[in-house]
Amino acid sequence: MAQEHFLNPPMPDVIASWKFYLEQLDIKPGDSVLDVGCNTGDTEHFLISLFPFVNKVVGLDYDENRIAVAKETWESKGKNEKIEFIQGDGSALPFNDNTFDKIICAETLEWIKDPKTAIKEIKRVLKPNGIALIQHTDWDQTVYTTTNIEKTRLIIQSFGDSGPDGIIGRRLLVMCKQVGFNKVSPLVYTMINDKFEEPYYSFKLAKMIKDWLLTKKIINNEELESWISELKEMSLNDEFYFSINRNICVCYK
Ligand SMILES: C[S@@+](CC[C@H](N)C(=O)[O-])C[C@H]1O[C@@H](n2cnc3c(N)ncnc32)[C@H](O)[C@@H]1O
(Lines give C-alpha, C1' and ligand atoms only; values in the text may rest on other atoms or scores of the structure.)
Protein backbone atom coordinates (compact mmCIF):
# COMPACT_ATOMS: atom_id res chain seq x y z
CA MET A 1 0.00 0.00 0.00
CA ALA A 2 2.82 2.35 -0.71
CA GLN A 3 4.79 4.14 -3.36
CA GLU A 4 6.20 0.99 -5.01
CA HIS A 5 6.60 2.00 -8.69
CA PHE A 6 7.91 5.51 -9.03
CA LEU A 7 10.43 5.59 -11.86
CA ASN A 8 8.39 4.70 -14.92
CA PRO A 9 6.51 7.00 -15.30
CA PRO A 10 8.47 9.19 -12.87
CA MET A 11 6.61 10.38 -9.77
CA PRO A 12 8.41 13.54 -8.62
CA ASP A 13 6.96 13.58 -5.10
CA VAL A 14 7.84 9.94 -4.45
CA ILE A 15 11.31 10.41 -5.95
CA ALA A 16 11.87 13.36 -3.58
CA SER A 17 10.87 11.21 -0.61
CA TRP A 18 13.22 8.39 -1.64
CA LYS A 19 16.03 10.90 -2.07
CA PHE A 20 15.38 12.06 1.49
CA TYR A 21 15.37 8.49 2.86
CA LEU A 22 18.60 7.55 1.09
CA GLU A 23 20.34 10.73 2.22
CA GLN A 24 19.76 9.66 5.84
CA LEU A 25 21.92 6.57 5.21
CA ASP A 26 25.08 8.60 4.54
CA ILE A 27 26.04 6.24 1.70
CA LYS A 28 29.80 6.14 1.10
CA PRO A 29 32.01 4.80 -1.73
CA GLY A 30 32.34 1.02 -1.41
CA ASP A 31 29.22 0.55 0.73
CA SER A 32 27.14 -2.61 0.41
CA VAL A 33 23.43 -1.84 0.74
CA LEU A 34 20.46 -4.16 1.37
CA ASP A 35 16.81 -3.30 0.65
CA VAL A 36 14.39 -5.56 2.55
CA GLY A 37 11.03 -5.73 0.71
CA CYS A 38 12.36 -4.35 -2.58
CA ASN A 39 9.23 -5.13 -4.61
CA THR A 40 10.11 -4.87 -8.33
CA GLY A 41 13.32 -2.96 -7.77
CA ASP A 42 12.82 0.76 -8.49
CA THR A 43 14.75 1.68 -5.33
CA GLU A 44 17.83 -0.24 -6.45
CA HIS A 45 18.02 1.59 -9.81
CA PHE A 46 17.34 4.93 -8.15
CA LEU A 47 20.00 4.31 -5.50
CA ILE A 48 22.65 3.42 -8.09
CA SER A 49 21.80 6.54 -10.11
CA LEU A 50 22.39 8.71 -7.03
CA PHE A 51 25.35 6.80 -5.59
CA PRO A 52 27.13 5.05 -8.49
CA PHE A 53 30.19 4.56 -6.26
CA VAL A 54 28.59 1.92 -4.01
CA ASN A 55 30.01 -1.60 -4.04
CA LYS A 56 26.69 -3.47 -4.18
CA VAL A 57 22.94 -3.04 -3.80
CA VAL A 58 20.94 -6.17 -2.95
CA GLY A 59 17.13 -6.09 -3.25
CA LEU A 60 15.36 -8.85 -1.32
CA ASP A 61 11.66 -9.68 -1.50
CA TYR A 62 9.56 -12.62 -0.37
CA ASP A 63 7.38 -12.58 -3.46
CA GLU A 64 8.89 -14.66 -6.29
CA ASN A 65 6.83 -12.87 -8.95
CA ARG A 66 8.04 -9.45 -7.85
CA ILE A 67 11.64 -10.66 -7.86
CA ALA A 68 11.12 -12.11 -11.36
CA VAL A 69 9.84 -8.72 -12.61
CA ALA A 70 12.75 -6.98 -10.84
CA LYS A 71 15.19 -9.26 -12.67
CA GLU A 72 13.48 -8.70 -16.06
CA THR A 73 13.61 -4.93 -15.61
CA TRP A 74 17.25 -5.18 -14.50
CA GLU A 75 18.07 -7.10 -17.71
CA SER A 76 16.20 -4.59 -19.87
CA LYS A 77 18.14 -1.75 -18.23
CA GLY A 78 21.54 -3.26 -19.06
CA LYS A 79 22.27 -5.67 -16.18
CA ASN A 80 24.15 -3.34 -13.84
CA GLU A 81 26.53 -5.72 -12.06
CA LYS A 82 26.28 -3.81 -8.81
CA ILE A 83 22.58 -4.67 -8.47
CA GLU A 84 21.38 -8.09 -7.34
CA PHE A 85 17.86 -9.37 -6.60
CA ILE A 86 17.20 -12.25 -4.21
CA GLN A 87 14.01 -13.99 -3.14
CA GLY A 88 14.02 -14.33 0.64
CA ASP A 89 12.24 -13.71 3.91
CA GLY A 90 12.82 -10.54 5.90
CA SER A 91 12.34 -12.50 9.12
CA ALA A 92 15.15 -14.95 8.28
CA LEU A 93 17.61 -13.02 6.12
CA PRO A 94 19.87 -15.31 4.07
CA PHE A 95 23.07 -13.43 4.95
CA ASN A 96 25.88 -13.78 7.48
CA ASP A 97 26.10 -11.48 10.49
CA ASN A 98 27.69 -8.07 9.80
CA THR A 99 27.34 -8.18 5.99
CA PHE A 100 25.91 -4.78 4.97
CA ASP A 101 27.01 -1.19 5.61
CA LYS A 102 23.54 0.21 5.05
CA ILE A 103 20.03 -1.30 5.06
CA ILE A 104 16.65 0.08 3.96
CA CYS A 105 13.31 -1.42 4.87
CA ALA A 106 10.41 0.70 3.62
CA GLU A 107 6.69 -0.03 3.88
CA THR A 108 7.39 -3.72 4.43
CA LEU A 109 7.15 -4.54 8.14
CA GLU A 110 3.35 -4.35 8.06
CA TRP A 111 3.38 -7.41 5.81
CA ILE A 112 5.73 -9.48 7.95
CA LYS A 113 4.07 -11.60 10.65
CA ASP A 114 6.60 -10.74 13.33
CA PRO A 115 8.03 -7.32 12.47
CA LYS A 116 10.32 -7.25 15.51
CA THR A 117 12.06 -10.43 14.34
CA ALA A 118 12.63 -8.73 10.98
CA ILE A 119 14.16 -5.70 12.73
CA LYS A 120 16.41 -8.05 14.74
CA GLU A 121 17.49 -9.65 11.48
CA ILE A 122 18.26 -6.23 10.01
CA LYS A 123 20.45 -5.49 13.04
CA ARG A 124 22.17 -8.88 12.78
CA VAL A 125 23.22 -8.48 9.14
CA LEU A 126 24.19 -4.81 9.56
CA LYS A 127 27.92 -4.21 10.13
CA PRO A 128 29.08 -2.55 13.36
CA ASN A 129 28.74 1.24 12.79
CA GLY A 130 26.29 0.52 9.98
CA ILE A 131 23.03 2.45 9.52
CA ALA A 132 19.55 1.08 8.82
CA LEU A 133 16.58 3.17 7.72
CA ILE A 134 13.27 1.62 8.67
CA GLN A 135 10.19 3.40 7.37
CA HIS A 136 6.46 2.95 7.58
CA THR A 137 3.39 5.01 6.89
CA ASP A 138 0.77 5.29 9.60
CA TRP A 139 -2.34 5.35 7.40
CA ASP A 140 -4.40 7.27 9.97
CA GLN A 141 -2.12 10.21 9.14
CA THR A 142 -3.41 10.50 5.56
CA VAL A 143 -5.04 13.88 4.92
CA TYR A 144 -7.23 14.72 1.91
CA THR A 145 -9.12 18.03 1.80
CA THR A 146 -12.76 17.40 1.20
CA THR A 147 -16.19 18.90 1.75
CA ASN A 148 -17.41 15.61 3.16
CA ILE A 149 -15.10 14.96 6.10
CA GLU A 150 -17.18 12.07 7.51
CA LYS A 151 -16.88 10.15 4.26
CA THR A 152 -13.17 10.86 3.95
CA ARG A 153 -12.54 9.76 7.53
CA LEU A 154 -14.50 6.57 6.91
CA ILE A 155 -12.55 5.81 3.73
CA ILE A 156 -9.12 6.49 5.25
CA GLN A 157 -9.87 4.61 8.45
CA SER A 158 -11.36 1.64 6.59
CA PHE A 159 -8.29 1.51 4.36
CA GLY A 160 -5.86 1.50 7.29
CA ASP A 161 -7.89 -0.91 9.38
CA SER A 162 -8.37 -3.47 6.61
CA GLY A 163 -4.63 -3.90 5.96
CA PRO A 164 -2.46 -6.15 8.12
CA ASP A 165 -1.38 -3.32 10.48
CA GLY A 166 -2.21 0.13 9.14
CA ILE A 167 -0.93 1.97 12.21
CA ILE A 168 2.44 0.26 12.58
CA GLY A 169 4.11 3.62 11.80
CA ARG A 170 3.49 4.92 15.32
CA ARG A 171 5.05 1.79 16.90
CA LEU A 172 8.25 1.76 14.82
CA LEU A 173 10.32 3.77 17.27
CA VAL A 174 9.52 1.53 20.25
CA MET A 175 10.20 -1.63 18.22
CA CYS A 176 13.53 -0.32 16.91
CA LYS A 177 14.61 0.76 20.41
CA GLN A 178 13.67 -2.64 21.88
CA VAL A 179 15.91 -4.44 19.39
CA GLY A 180 18.94 -2.75 20.94
CA PHE A 181 20.53 -0.51 18.32
CA ASN A 182 23.16 1.88 19.72
CA LYS A 183 20.98 4.82 18.77
CA VAL A 184 17.64 5.27 17.02
CA SER A 185 16.72 8.68 15.58
CA PRO A 186 13.02 9.12 14.74
CA LEU A 187 12.00 11.35 11.84
CA VAL A 188 8.83 12.15 9.94
CA TYR A 189 8.88 12.95 6.23
CA THR A 190 5.70 14.69 5.14
CA MET A 191 4.75 14.49 1.50
CA ILE A 192 2.43 17.28 0.36
CA ASN A 193 0.44 17.56 -2.87
CA ASP A 194 -1.63 20.55 -3.99
CA LYS A 195 -2.84 18.83 -7.16
CA PHE A 196 -4.95 15.73 -7.55
CA GLU A 197 -3.81 14.40 -10.93
CA GLU A 198 -1.13 12.26 -12.61
CA PRO A 199 1.72 11.83 -11.73
CA TYR A 200 1.21 12.78 -8.09
CA TYR A 201 1.09 10.27 -5.27
CA SER A 202 -2.27 11.42 -3.83
CA PHE A 203 -3.93 10.56 -7.15
CA LYS A 204 -2.33 7.11 -7.32
CA LEU A 205 -3.09 6.45 -3.66
CA ALA A 206 -6.79 7.35 -4.02
CA LYS A 207 -7.07 4.78 -6.82
CA MET A 208 -5.20 2.24 -4.72
CA ILE A 209 -7.55 2.92 -1.79
CA LYS A 210 -10.59 2.55 -4.04
CA ASP A 211 -9.42 -0.77 -5.52
CA TRP A 212 -8.47 -2.10 -2.08
CA LEU A 213 -11.81 -1.20 -0.46
CA LEU A 214 -13.75 -2.61 -3.42
CA THR A 215 -11.86 -5.90 -3.20
CA LYS A 216 -12.56 -6.03 0.53
CA LYS A 217 -16.23 -5.08 -0.17
CA ILE A 218 -16.09 -2.40 2.53
CA ILE A 219 -17.39 0.67 0.65
CA ASN A 220 -19.29 0.58 -2.62
CA ASN A 221 -18.07 1.79 -5.99
CA GLU A 222 -20.52 4.70 -6.19
CA GLU A 223 -19.35 6.17 -2.87
CA LEU A 224 -15.70 5.79 -3.81
CA GLU A 225 -16.19 7.25 -7.30
CA SER A 226 -18.00 10.28 -5.91
CA TRP A 227 -15.16 10.78 -3.38
CA ILE A 228 -12.60 10.74 -6.20
CA SER A 229 -14.73 13.10 -8.35
CA GLU A 230 -14.91 15.54 -5.46
CA LEU A 231 -11.13 15.49 -5.05
CA LYS A 232 -10.70 16.12 -8.79
CA GLU A 233 -13.07 19.05 -8.63
CA MET A 234 -11.27 20.55 -5.64
CA SER A 235 -8.01 20.26 -7.54
CA LEU A 236 -9.50 21.97 -10.63
CA ASN A 237 -10.67 24.80 -8.34
CA ASP A 238 -7.23 25.07 -6.73
CA GLU A 239 -8.65 23.95 -3.39
CA PHE A 240 -6.88 20.62 -3.09
CA TYR A 241 -4.50 19.67 -0.28
CA PHE A 242 -3.05 16.28 0.59
CA SER A 243 -0.42 15.28 3.11
CA ILE A 244 0.90 11.99 4.37
CA ASN A 245 3.45 11.22 7.06
CA ARG A 246 6.21 8.71 6.47
CA ASN A 247 7.51 7.59 9.86
CA ILE A 248 11.21 6.85 9.81
CA CYS A 249 13.70 5.38 12.27
CA VAL A 250 17.36 5.85 11.46
CA CYS A 251 19.03 3.04 13.41
CA TYR A 252 22.76 3.03 14.25
CA LYS A 253 24.51 -0.23 15.19
C1 LIG B 1 4.17 -2.34 0.23
S2 LIG B 1 5.51 -3.13 -0.55
C3 LIG B 1 6.81 -1.97 -0.28
C4 LIG B 1 7.82 -1.98 -1.40
C5 LIG B 1 8.92 -0.93 -1.33
N6 LIG B 1 9.86 -1.21 -0.26
C7 LIG B 1 8.35 0.46 -1.17
O8 LIG B 1 8.67 1.15 -0.21
O9 LIG B 1 7.58 0.86 -2.04
C10 LIG B 1 5.88 -4.42 0.59
C11 LIG B 1 6.84 -5.44 0.02
O12 LIG B 1 7.23 -6.34 1.06
C13 LIG B 1 7.32 -7.63 0.51
N14 LIG B 1 7.24 -8.61 1.61
C15 LIG B 1 6.16 -9.05 2.29
N16 LIG B 1 6.52 -9.94 3.23
C17 LIG B 1 7.86 -10.07 3.17
C18 LIG B 1 8.82 -10.83 3.88
N19 LIG B 1 8.47 -11.67 4.86
N20 LIG B 1 10.12 -10.70 3.55
C21 LIG B 1 10.50 -9.85 2.55
N22 LIG B 1 9.63 -9.11 1.83
C23 LIG B 1 8.34 -9.20 2.14
C24 LIG B 1 6.14 -7.68 -0.45
O25 LIG B 1 6.27 -8.72 -1.38
C26 LIG B 1 6.22 -6.28 -1.08
O27 LIG B 1 7.02 -6.25 -2.22
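The model is predicted: local features need pLDDT of at least 70, side-chain atom pairs count only at pLDDT 80 or more, and totals for chains, interfaces and linings use all residues. Residues are numbered from 1 along each chain as its sequence is written, and side-chain values use heavy atoms, leaving out hydrogens and water. Helices (H or I, at least four residues) and strands (E, at least two) are DSSP runs, numbered from the N terminus.

**Sheet**
- An open sheet holds 7 strands in the order β3-β2-β1-β4-β5-β7-β6, with mixed pairing.
- Its edge strands, β3 (83–87) and β6 (183–193), each pair on one side only.
- Two strands pair if DSSP finds at least two bridges between them.
- Direction ignored, neighbouring strands are turned by 20 degrees against each other on average.

**Strand pairs**
- β4 (residues 100–106) pairs with β5 (residues 126–144) in the parallel sense, over 6 bridges.
- In that region, Lys-102 stands opposite Ile-131 of β5.
- β5 and β7 run antiparallel and are joined by 10 bridges.
- Thr-137 stands opposite Arg-246 in β7.
- β7 also pairs with β6, antiparallel, over 11 bridges.
- Ile-192 has Ser-243 of β7 as its bridge partner.

**Cover on the sheet**
- Helix α1 (residues 12–24) lies across β4, β5, β6 and β7 (242–252), where contact means heavy atoms within 4.5 Å.
- α1 runs at about 165 degrees to β6; axes are lines fitted to C-alpha atoms, for helices over the stretch in contact, and angles run from 0 to 180 degrees between N-to-C directions.
- Helix α7 (residues 201–215) lies across β5, β6 and β7, at about 75 degrees to β5.
- In β7, 9 of its 11 residues are buried (under 20% relative accessible area; exposed is over 50%, partly exposed in between; 1.4 Å probe, protein chains only).

**Loop residue Pro-29**
- Pro-29 sits in the loop between α1 and β1 (32–36).
- Its relative accessibility is 62%, so Pro-29 counts as exposed.
- Pro-29 and Val-54 are 25 residues apart in sequence, yet 5.0 Å apart in space, C-alpha to C-alpha.

**Helix pair α5 and α8**
- α5 (residues 149–162) and α8 (residues 221–236) pack at about 115 degrees, with axes 11 Å apart.
- The two are therefore roughly perpendicular (65 to 115 degrees; under 35 is roughly parallel, over 145 roughly antiparallel, the rest oblique).
- Lys-151, Thr-152 and Ile-155 of α5 meet Glu-223, Leu-224, Ser-226 and Trp-227 of α8.
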